[in-house]
Every structure is written in C-alpha cells, then in structure tokens.
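Visitor: I'm new to protein structures. Could you walk me through one, a step at a time?

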Amino acid sequence: MIPILDSKRQYAQIGAEVEKEVLDVLRSGAYILGRHNKALEEDLAKFTGTKYAVALNSGTDALHLALRALDIGAGDEVITVAFTFVATTEAIGIVGATPVFVDIDNNTFNIDPAKIEAAITPRTKAIIPVHLYGQPCDMDMIMDIAKRHNLYVIEDCCQAIGAGVNDRAAANNAAGRKMVGSYGDINCFSFYPTKNLGAMGDGGLCTTNSEALRDRLVALRNHGGAVRYYHDEIGVNSRLDEVQAAILRVKLNYINEWNEKRRKNAYFYNELFAGHADIQTPVELDGTYCVYHQYTVKIPNRDEVHKYLQENGVGAMIYYPVPLHKQKVHAHLAPVSLPNTEDNTSLVISLPMFPELTQDEQRTVADTLIAALNKTAAAV
Ligand SMILES: *Cc1c(COP(=O)(O)O)cnc(C)c1O
C-alpha cells in the first residue's frame, strides 16, 4: 500500500530530536504558555514575514478567533469559497456571521477574484481566501478589492505554510518570497498532524502585523483577559501546549527542505503524466511557489478510478467529496450556483504526496492511475 501520507517515515528522520525535546518539557514541569510557546511564536512570525504570531489549539480556533478579534459577528457576511474544508465556514458560523460563497478558478482551485465584487453587500465585513492544496491565492488582487471596499482579509493558510509569490521587491522571507500569511489582517495556520508542518496532536496559529490584534488574540485564547483572573470578554481556552510547541520548533527547521521535496515530487508526477490527455495535472501559476500540501489531478470516471486505486494499493483521497454550499450544516443559506466548484468536486483526486515519497512509489502510483483510466474508459 502506498499511503497518501506516511508520518512514520518523517518520524524516522526527526524522532531522536523530538524525543529529546519532549522529554525535556515533561521533566521541566512547565506545560502551558512556556518558553517553547513564546519561541515558536517568534520563529513563525519571522518565517511568515509578519510582526506577531499567536499560538492556538487548532486551525479552526485560529479562524474563529481571527473573526472574533475583528469583531465580526451576527448580521455580518464573510466572503469565502465552498471548495475547502468545513472549518473555514464553521468558524464563520461559530461567531454568528453568514458565509457568502464565491466560485473558484478552474486552474488553481482557489477563489476567483474576478467574482468577489459581485458578492459584496453592505453587510460584508471580510474575505477569507483559502490557499487550497498549498497553492497561493491571487492575494494582490484580493487585497486590492478589500482595500477599495474597506473589508478585512483573513487568509486561511492551513494547507499552505511556506507558500508564496516570487516577488523580490516585496519579499519577506528566505529565498525571496512574499509569504502567504503576511497579506491579510489576521492569517490562520493549522498544525494538524497531516499538514505540511504538523504537530503530534492538534495545534494552530494566527499571524498579524497589528499589535492591537495580537493582544486581542492573546486575551481571547486565554478566557478573554490579558491579566490572570481579570476577564474583559468571553474568550475560550485555546492554548497550545508546550509539548506540541517543542515538537513544532524541531519540525520548523525542516519545513523548507520538506516543501522543496514535495515540489520535486509534484514535478516528477507531472513528467509521469505528460502525454496523458485525460489526466489534468495541477497548474502552478508563473511566479508562485506552491507547497503541494496535496497533489490533485482531474480525471474522468473519478469515482470508479478512485475505487480501483484503493483496491490496488494506492491511497488516493477526494478533497472534498461534498462542497460546503451542499452540506446540511449550511442548508439554511440562500441557494447559490457555483458551477466550477461543482464541476471540480466530481473531477478531483489527490494522490500520495509527502516529502519521503520515492520515485519508485510515484511510478507505481502513475502506472496504477493510468491502468485505472484505461479500464474505466473501456467500460464506458
Ligand atoms: C485543516 C484545515 C483547517 C482546520 O484546521 P484544524 O487544525 O484541523 O482545526 C481549516 N482550513 C483548512 C483549509 C484546512 O485544511
């Protein structure tokens, strides 16, 4: 079986370092909001080219608390996509606001900026672009629209840590990229174990350039007060524990290497699929640095092919089988037509993708996919 992701292989590389740090935390007796939390926040602010980072319990909390910190709530509308993980709109629902769906671009799977303005109403407060599968959204255009309409921007970077745009003039990190997570007012990351930078449990983080928003997030994550036992508003308990922070600090040292390996693997898949007109490989726009959280292709007879792959040892997955505007949780929203979202939902399949994947495994994945396509095409 070639899995979609193999965390054990990563552990083989970093296990000794991680075990040393974790043992250190366990013996220290300091488990919450300690030195690793502080250092991780500093390191991730630096990594994303922002002034501040606030570590949290999950990516979902990062989105939820970002909305809270911007005072978005009942009666407000937030523009986003239906082609994403449910947490994006769940956070909007948690604060009592309404998600407004905009269709995606067929090539990038990300929000189509040309369709945003038509969705803006007097109630619109913010846009949440999602850098899906590790591919950066067109942030220049989105920031321009937000500025003209006086809207906040919250980037959902949960699948895209390290992604960016090769813009030397605006570069804010290593290798001369303008980093995702440095455009919006508040930007959200997840350290769920399967993400490109994964903890060994749950974790998340917000970045911002605003000291006031940083302070608000710090209060919200810890029961709504900056001073212990003094509470100014209803907050939550969303602290990142020291064990996870220590693990993430070890892994952050490898993220550039791991993202590079993902890119190399993506390009090797592209080569293997060249000449197969029925496999649409991912489009990486010129000048962008995609981190391939997923390697997602579009194919005909997707569900039959998926079944064949699973039966033949290839751990492919569908992200996501039901777009959010068709989910029961959002059934009360006004119906909306999102043709690209719906088309892509029935075409996409994500193939095994992780830094340690070997070229032999990639050849097997490619051969199996091509065989599945031939078989299902013959059956039609
Ligand atoms: C994973 C993910 C989230 C939620 O992160 P959790 O840490 O699992 O809460 C939100 N948005 C997107 C796009 C994600 O992939």
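This is a predicted model: local features need pLDDT of at least 70, side-chain atom pairs count only at pLDDT 80 or more; totals for chains, interfaces and linings use all residues.

Visitor: How is the protein divided, and how far apart are the C-alpha centres of the domains?
Guide: The protein has domain 1 (7-102 + 109-252) and domain 2 (255-379), with bounds taken from an automatic or database domain assignment. In contact (heavy atoms within 4.5 Å) are 38 residues of domain 1 and 38 residues of domain 2. The C-alpha centres of the two domains lie at a separation of 25 Å.

Visitor: Which residues have the most contacts inside the largest nonpolar core?
Guide: A nonpolar core is a set of buried Ala, Val, Leu, Ile, Met, Phe, Trp, Tyr and Cys residues joined through side-chain atoms within 4.5 Å. Buried means under 20% relative accessible area, exposed over 50%, and partly exposed in between, using a 1.4 Å probe and protein chains only. The largest core has 27 residues, and those with the most contacts inside it are I79, I111, I116 and I142.

Visitor: Which helix gives the most to this core?
Guide: The core draws at least three residues from each of domain 1 and domain 2. Helices (H or I, at least four residues) and strands (E, at least two) are DSSP runs, numbered from the N terminus. With four residues, the top contributor is helix α5 (residues 139-149).

Visitor: Where does H131 lie, and which backbone nitrogen does its side chain reach?
Guide: H131 sits in the loop between β4 (124-127) and α5. Its relative accessible area is 0%, so H131 counts as buried. Beyond its neighbours within four places in sequence, H131 is in contact with residues including N110, D156 and V180. Its side chain makes a polar contact (a pair of N or O atoms within 3.5 Å; within protein, one must be able to donate a hydrogen and the other to accept it, and residues adjacent in sequence count only if both atoms are side-chain atoms), and at 2.9 Å the backbone nitrogen reached is that of C137.

Visitor: Is Q135 buried or exposed, and which backbone oxygen lies 2.7 Å from its side chain?
Guide: Q135 is also in the loop between β4 and α5. Its relative accessible area is 5%, so Q135 is buried. Apart from neighbours within four places in sequence, its contacts include T108, E284 and C290. The backbone oxygen 2.7 Å from a polar atom of its side chain belongs to V283.

Visitor: How much of the ligand does the protein bury?
Guide: The ligand is surrounded by 16 residues (a heavy atom within 4 Å), the closest being G59, T60, D156, S190 and K195. A polar side-chain atom of D156 is 2.9 Å from a ligand nitrogen, while one of K195 is 3.0 Å from a ligand oxygen. Taken alone the ligand exposes 380 Å² (Shrake-Rupley method, 1.4 Å probe), and the share that the protein buries is 93%.

Visitor: What follows helix α4 (residues 87-94)?
Guide: The buried residues of α4 are A87, T88, T89, A91 and I92. They pack against α3 (59-69), β2 (77-80), β3 (98-101) and β5 (152-156). After the helix comes a residue whose phi is positive, near 85°: G96.

Notes:
Residues are numbered from 1 along each chain as its sequence is written. Side-chain values use heavy atoms; hydrogens and water are left out.
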